[in-house]
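Thanks for making the time, everyone. I would like to walk you through one structure, strand by strand, and then turn to a few side chains.

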Amino acid sequence: MTYNTHSGRSFINPKTGNQDGHIISNYINKQQADIICMQEFYNNPHYKDIRSTAGEAFHFTKSQQGPLVIASKYPIIKEGGFGFLNASNGTIFADIDIQGKVVRVYNTHLKSNEITILADEVAASRDLREK
């Protein structure tokens with residue numbers, strides 16, 4: 001499962017209007033995913049809420065390169081990643097031991113909004129030369 005938390009905006013409780021880490025935790029638990037990749041997880045204060053709701057069933061790796069998290073019900077035996085130049089985006093990976101077989105999972109967050117902005121500018125100007 002992959003989930004972009006939109007910098008915490010997806011943590012809003014519709015009943016109270018306040019941020020609540022259990023909103024996403026409950027959603028994740030309902031999906032019964034074994035591996036979860038989350039993007040835009042900027043030092044989120046609800047990280048502990050998610051860990052406590054998910055329980056000890058999940059192993060977590062958190063990116064040093066940007067706002068990325070990989071959570072797995074299976075042990076994470078190796079992790080790494082890299083950031084993109086001039087961006088808070090990047091890629092992380094986790095080698096996960098699934099019943100004796102190691103699987104590498106990547107979590108990547110791209111700067112898609114900047115691509116959209118550039119595409120809109122090109123369309124408006126009708127200038128198709130390389131930018």
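Predicted model: local features only at pLDDT ≥ 70, side-chain atom pairs only at ≥ 80, totals over all residues.

Let me begin with Ile-76, which stands opposite Ile-96 in β6. Residues are numbered from 1 along each chain as its sequence is written, and side-chain values use heavy atoms, with hydrogens and water left out.

Strand β5, residues 76-83, pairs with β6 in the antiparallel sense over 7 bridges (strands are DSSP runs of E, at least two residues, numbered from the N terminus; two of them pair if DSSP finds at least two bridges between them). β6 also pairs with β7 in the antiparallel sense, over 9 bridges, and here Ile-96 stands opposite Val-103 in β7. Because 7 of its 9 residues are buried, β6 is largely enclosed by the rest of the structure (buried means under 20% relative accessible area, with a 1.4 Å probe and protein chains only).

Phe-93, at 14% relative accessibility, counts as buried, and the charged end of Arg-104 sits over its ring, 3.9 Å from the centre (the criterion being CZ of Arg, or NZ of Lys, within 6 Å of the ring centre and within 35 degrees of the ring normal).

Lastly, Gln-39 lies in strand β2, residues 35-39, and is buried at a relative accessible area of 7%.

How values were computed: Buried < 20%, exposed > 50% of the residue type's maximum accessible area, 1.4 Å probe, protein only. Helix = DSSP H or I, 4+ residues; strand = E, 2+ residues; numbered from the N terminus.
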